[in-house]
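Please open the model in a viewer and keep the selection panel at hand.

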Amino acid sequence: MTKDTKLDVIVVGAGFAGMQMLYRLRGLGFSVRALESGDGVGGTWFWNRYPGARCDVESMQYSYQFSEELQQEWDWTERYATQPEILRYANHVADRFDLRRDIEFGCRVASAIFDEEDNHWCITTEDGTSLVARFCVMATGSLSSAAVPEIDGLDTFNGQYCHTGEWPTQALDLSTKRVAVIGTGSSGIQAIPELARTSAHLTVFQRTPGYSLPAHNAPLSQEAVTEIKNNYSTFCAANKAEWGGVSYPGGMNATSALDVSEAERNREFETRWETGGVGFLSSFSDLLFLPESNEMAARFIREKIRAEVNDPELAEALCPDVVVGCKRICLDTEYYATFNRDNVTLVSVKDQPIEKITPKGLITGDQEYEFDCIVFATGFDAMTGALLKMDIQGRNGQTLQQKWSEGAPNYLGLCVHGFPNIFSICGPGSPSVLTNVLVSIDQHVNWIADCIESLRERQVQCIEAESTAEALWVEHGNEIVDLTLFTACNSWYAGANIPGKPQGFMPYAGGLPAYTAKCAEVAANNYEGFKLS
Ligand code: NA7
């Protein structure tokens, strides 16, 4: 890459979104380069190497859909793929489609500044290289900006510490170590059973207990795989037709939880529980809308926890009391049973936050706990974090930080008024993290590529979201989410996990089919809501 390289498109990130974007744009004959801060492809799956890391969407569904050959030749081994297997898949895709020649690895973007005179973006990397491109696509991931809480004394800790989302590439030998895990979201719930098995002693610091459903992970049978492969396009179409871009056994039950007897309700919950996976939330039509129905599902899960954990007091401490599904629901393998082990201790920090990290460990309440290793399973500055780490400047020198100082206004989750010719894949305002993200990526990549191609054909140099379209989209998103229970608790969906972050539900909760139809309609109406010049 030479200084001042001029391109049609720069893609920031070479995770699953960046790779597909690069492939599609290159196929259309654009000059395009992807800039990736990691030393390899895979994004989330490159960084999240913690023990137990696994996808919570089934592997046959968590697969690229842009190449029939790829779909036919790749063989997933388990119902839910592990991080190493998904990373192997990402590398296979990079090799299979010869993507690496257009990816710059170890290259972190520092700034992206829009040149209003020439309608292009000037991108500067941390090593001082600058590139110019007509368009920029941010494929920087929704959960890629790791959040380590600011607790006094972290730099004084004598042991080792790491965040699940920035796990060291060398496996850690914890067999003789006293390990702490802070956080019981999806990453903590996946890591805890593995860390319990591989460390001398594990102490789990829990602030808010989460709901976890059994994954019932298992090897994939050859028959099931063959059946899907023989009908892959029908299978994909069925997934795309679902609210979350993923279909479940039993589908969405159209009945209200309030309209059936207790016995019938529990039978349905039990069937879904035994099937495994997040299809449990589709047991009844109103679990995410009516507090009474939701509480029935919550009660069922609490009973399961009580049945699993031997010590009743410990079981109560693990029982959540918030709305089910309001914070992202987790999938686990033996999470609750792990607390029956002699080498596992649970410490609730709900009423007594972690005050301080010391050279030997950490202090909560009036007690100091000593550790050799602290694992921060404390989540991410979701959806906006990775974008706001860069200095992105649009028209009149306005920065994205200024634009998003009180929220994250956007049009379709793809573009932002005042920031022409820049797109975001799975950005705030799109269904993204509420869906099977590979399906959402596919939809965004195709929409963006079609858009850029259409602009090239018509020799349009600049596309920018209009402020009225942006305001209406934000209003619509708020109206939709207000109908649900998603706003009934503090979650990373709403930015609540990051001190000082503006609060507001970020993903679009209207579902993938409605969202896809809206994006298609906008394109068909000559990019309605955008100014083309
Ligand atoms: P999450 O879901 O944001 O979970 C983070 C956890 O860390 C959660 O239990 C937090 O408790 C806890 N936390 C955060 N800060 C602290 C402090 N200071 N003290 C104690 N506990 C703390 O992140 P994950 O990585 O697990 O999952 C993110 C997504 O990645 C997941 O949904 C999947 O889509 C993949 P809190 O609930 O805030 O009280």
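Begin with the ligand and Thr208: an N or O atom in the side chain of Thr208 lies 2.4 Å from an oxygen atom of the ligand. As the model is a predicted one, this distance, like those that follow, is computed from predicted coordinates. Next show the backbone of Gly185, where an N or O atom is 3.4 Å from an oxygen atom of the ligand. The ligand on its own has 790 Å² of accessible area, of which the protein covers 84%.

To see what the bond connects, display the flanking elements. Cys326 belongs to the loop between helix 10 (312-318) and strand 11 (330-332), whereas Cys489 belongs to the loop between helix 15 (467-482) and helix 16 (512-524); the pair therefore ties together parts that are 163 residues apart in sequence. Both Cys326 and Cys489 are buried.

For contrast, select Cys122, which takes part in no disulfide; the nearest cysteine sulfur, belonging to Cys136, is 11 Å away. Cys122 has a relative accessibility of 26% and counts as partly exposed.

Proceed to Cys519, which is likewise in no disulfide. Here the nearest cysteine sulfur is that of Cys415, at 9.9 Å. Cys519 is located in helix 16. Is Cys519 buried or exposed? Its relative accessibility is 0%, so Cys519 counts as buried. Leaving aside residues up to four places away in sequence, Cys519 touches Leu412, Leu414, Gln443 and Trp447. A distance label from Cys519 to Glu58 will read 26 Å between C-alpha atoms, for residues that are 461 apart in sequence.

Then select Glu470, in helix 15. With a relative accessible area of 5%, Glu470 is buried. Which backbone atom does its side chain reach? The side chain of Glu470 comes to 2.6 Å from the backbone nitrogen of His417. Residues up to four places away in sequence aside, the contacts of Glu470 include Lys403, Pro409, Tyr411, Cys415 and His417.

Most residues other than glycine have a negative phi. Select Asn396, whose phi is positive, near 55 degrees. Asn396 sits in the loop between strand 17 (391-393) and helix 13 (400-403), and at 73% relative accessibility it counts as exposed.

The last stop is Cys426, where phi is also positive, near 60 degrees. Cys426 occupies the loop between strand 18 (422-424) and helix 14 (437-457). Its relative accessible area is 4%, so Cys426 is buried.

Notes. Residues are numbered from 1 along each chain as its sequence is written. This is a predicted model: local features need pLDDT of at least 70, side-chain atom pairs count only at pLDDT 80 or more; totals for chains, interfaces and linings use all residues. Side-chain values use heavy atoms; hydrogens and water are left out. A polar contact is a pair of N or O atoms within 3.5 Å; within protein, one must be able to donate a hydrogen and the other to accept it, and residues adjacent in sequence count only if both atoms are side-chain atoms. Accessible areas come from the Shrake-Rupley method with a 1.4 Å probe; for residues, only the protein chains shown count as cover. Helices (H or I, at least four residues) and strands (E, at least two) are DSSP runs, numbered from the N terminus. Buried means under 20% relative accessible area, exposed over 50%, partly exposed in between (1.4 Å probe, protein chains only). A disulfide is a pair of cysteine sulfur atoms within 2.5 Å. Contact means heavy atoms within 4.5 Å.
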